Protein chains: 2
Amino acid sequence: MVPIGGTIGILGGGQLGRMLADAAAKLGLDAIIFCPEADTPAARTAARHWEGAFNDDEALSAFARACDVVTLEWENVPVAAAETVAATGTPMRPGAKALGVAQDRANEKRFLEACDIPVTPWRTVDSAEALQSALSDFGGRGILKTRREGYDGKGQLRLGAEADALDAFSALGGQPCILEAFAPFEREISVIVARTPDGETATWDVPENIHRGGILRRSQVPAAITPETAATAKAAAVRLVTTLDYIGVLALEFFVMEGGALLANEFAPRVHNSGHWTPEACRTGQFENHIRAVAGWPLGRTELVAPGVVMDNIIGELPLLADLPDGALTLYGKHEVRVGRKMGHIVRLTGL
Amino acid sequence: MVPIGGTIGILGGGQLGRMLADAAAKLGLDAIIFCPEADTPAARTAARHWEGAFNDDEALSAFARACDVVTLEWENVPVAAAETVAATGTPMRPGAKALGVAQDRANEKRFLEACDIPVTPWRTVDSAEALQSALSDFGGRGILKTRREGYDGKGQLRLGAEADALDAFSALGGQPCILEAFAPFEREISVIVARTPDGETATWDVPENIHRGGILRRSQVPAAITPETAATAKAAAVRLVTTLDYIGVLALEFFVMEGGALLANEFAPRVHNSGHWTPEACRTGQFENHIRAVAGWPLGRTELVAPGVVMDNIIGELPLLADLPDGALTLYGKHEVRVGRKMGHIVRLTGL
């Protein structure tokens, strides 16, 4: 167990790292942010900032030795970086295995299938010909995604009946991809799950997620699903983290099909935007339970304190100060507003 | 108004500064802590730490010029330091006036009386003879308090019928004091009130406070008082901050007498331990509304999200990690545990 007053290293310096650093501080722990950038949202609230590249083994090792445990806020931290940390003897949580699975969409799908978690039909695509063949399997339509490094709708293309396979494959850089069949889903949900080194797990209520342009806009609880669907989703997420021997918080996203059947879409080996309502709306939020888990502390209770909650992202703009929206505001300390950039979020408790 | 991305200076580096810095960060603001100590709870979570003495005018001025607004977390910041900050043109909120009143118990009592807020009978005491005379006015008993610099039960003595005035006056260093008559109170409450530069005010539900050895142990809501008593207490606190032209959060403590009459005890020109339950239990907590107020932003809503709440201080010890208490834990990042030292607190929502 990391003692009170101990140090949590965090790989990555964005808003997730910022909220993790805040949660660590609330528990009397110091956070050290490791990232290549000089000025980042997380570095400005953490106890310390260690500027370094993720491929600088010497810097990573020195950083790891200064920490009681190292975690991450970015799912594309190189697997080699996680291995370098672990080689110092400082626990890396989650570890290289989870990263390796999550960073490759084909590995991710196979792992989900191996956990008995249904996914949408998919094919690996390593050439325009393979794409053509996969498209014809799926009625000429589907979503082409790079196997690596996609997020917030980047690195993917929706292909309709008229799609030219060569153009599409080239547009994503000719790199290894997968093609997913369209899932005619009714809604999207996710499960946020935490797991400790002892195998204790906790989930939160299941949020319904509304995306636009591939970016999460809103998460709300309760989702319009049956208790059975929620229970099935949670059980799948617990099965996933248990099979992965995962430590920390993980988010598993699902499509809910007509009739309530669930198809897993993807998972993120980290705290997740669709859980940003948990700190205000629950006894314990995802950031705190992630810190508790990686520190080896018991998890906090996750029940809602209100009948419902709505979380809206603030994207590509900042709120007007004179007319602040009602609800709990969190801004990420990003000094530059850009189109599509997540600047903050607002949490509104409902039904009180 | 301080813009999003702006900078809030905080005089003082303890746990209140730490929680203020966290609240500022949540609103996308950077906090700079100014204090003489090299390593403090607040410095480890703020964007920046400016090490300097409160009587170093040059350092204070440079610090103030780096901030959009300056506030404080410690009520004994010298009045001259607040004046030095204000002289740079950077707003000092709350300002020298509130500090001057609050730092001298005689001024404080007179100001409360001028606001039509009843206080316990009291006398100024500048000598053993004056103490003897005041004691005889109050039936030979009372509480002797230094006019300046007392907190958490320090700088005060309870005097019973056998008290020797010379001994007592010497024990507190022979400095200017006041003698308060004993108030045979039924319970203690406080009002946490926020006020903006525009004169907007907000109060939270009134907590009942349980002290032991002069140190707050527990605050709980609801207090066992009538709605009329709560309304009277809140109205008095609003009158106080309005008369003081106060900006920020202030706490006014009362004794509740038999029958519900209120006698003000003292006020603190800052966020207050008896409001530490507000972040978890209310739509907006005292730290966030203090930051909003000093930044010139509109206040957030203050209603409870649960029927009740209990906040317990963690004093002179740390919780056991393997058996963490139920509830929301906040630790202050103090590396040394000392008898009587406030190390953290736990907030438990009740009645959900």
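Just after helix α10 of chain B, Gly296(B) adopts a positive phi of about 80 degrees. The description refers to a predicted model, in which local features need pLDDT of at least 70 and side-chain atom pairs count only at pLDDT 80 or more, whereas totals for chains, interfaces and linings use all residues. Residues are numbered from 1 along each chain as its sequence is written, chains are lettered from A and ligands numbered from 1 in the order in which they are written, and side-chain values use heavy atoms, with hydrogens and water left out.

The pLDDT, the predictor's confidence in each residue on a scale from 0 to 100, averages 95 in chain A, where 99% of the residues score at least 70. For the complex, the predictor gives an ipTM of 0.92 and a pTM of 0.95. Where pLDDT is low, the predicted coordinates should not be read in detail.

Helices (H or I, at least four residues) and strands (E, at least two) are DSSP runs, numbered from the N terminus. Helix α10(B), which spans residues 286–295, is mostly covered, with 10 of its 10 residues buried. Buried denotes under 20% relative accessible area, exposed over 50%, and partly exposed the range in between (1.4 Å probe, protein chains only). The buried residues of α10(B) include Phe287(B), Ile291(B) and Val294(B), and also Glu288(B) and Arg292(B). Contact is defined by heavy atoms within 4.5 Å. Within chain B, the packing partners of the buried α10(B) residues are the strands β1 (7–11), β4 (69–72), β9 (187–195) and β13 (248–256), together with the helices α1 (15–26) and α9 (278–281).

The contact between the two chains draws 38 residues from chain B and 38 residues from chain A. The area buried between them, that is, the accessible area (1.4 Å probe) that two parts lose on being put together, summed over both, is about 3300 Å², and carbon and sulfur atoms give 57% of this area. On the chain B side, Ile4(B), Lys26(B) and Leu321(B) lose the most area to chain A, together accounting for 19% of what that side buries.

Polar contacts are pairs of N or O atoms within 3.5 Å; within protein, one atom must be able to donate a hydrogen and the other to accept it, and residues adjacent in sequence count only if both atoms are side-chain atoms. Across the interface of chain B and chain A, 16 residue pairs are in polar contact, both residues being at pLDDT 80 or more. The elements giving two or more residues to the side of chain B that touches chain A are α1 and β16 (328–331) of chain B. The largest share of that side, 4 residues, comes from β16(B).

A salt bridge is a side-chain nitrogen of Lys or Arg within 4 Å of a carboxyl oxygen of Asp or Glu. By this rule, 36 salt bridges are found over all chains, and the count between chain B and chain A is 6. One bridge pairs Glu280(B) with Lys26(A), with the closest N and O atoms 2.9 Å apart. Because Glu280(B) lies in helix α9 of chain B and Lys26(A) in helix α1 (residues 15–26) of chain A, this pair joins two chains. Glu280(B) is buried at a relative accessible area of 19%, whereas Lys26(A) is partly exposed at 25%.

A salt bridge also links Glu280(A) and Lys26(B), the closest N and O atoms again being 2.9 Å apart. Here Glu280(A) lies in helix α9 (residues 278–281) of chain A and Lys26(B) in helix α1 of chain B, so the pair joins two chains. Lys26(B) is partly exposed, at 27% relative accessibility. Salt bridges that share partners join Arg283(A), Arg301(A), Glu303(A) and Asp326(B) into one network. Arg301(B) and Asp326(A) also form a salt bridge through their side chains (2.7 Å, N to O).

In chain A, Leu131(A) lies in helix α6 (residues 128–137) and counts as buried at 0% relative accessibility. Beyond its neighbours within four places in sequence, Leu131(A) is in contact with Val125(A), Leu144(A), Leu159(A), Ala165(A), Ala168(A), Phe169(A) and Leu179(A).
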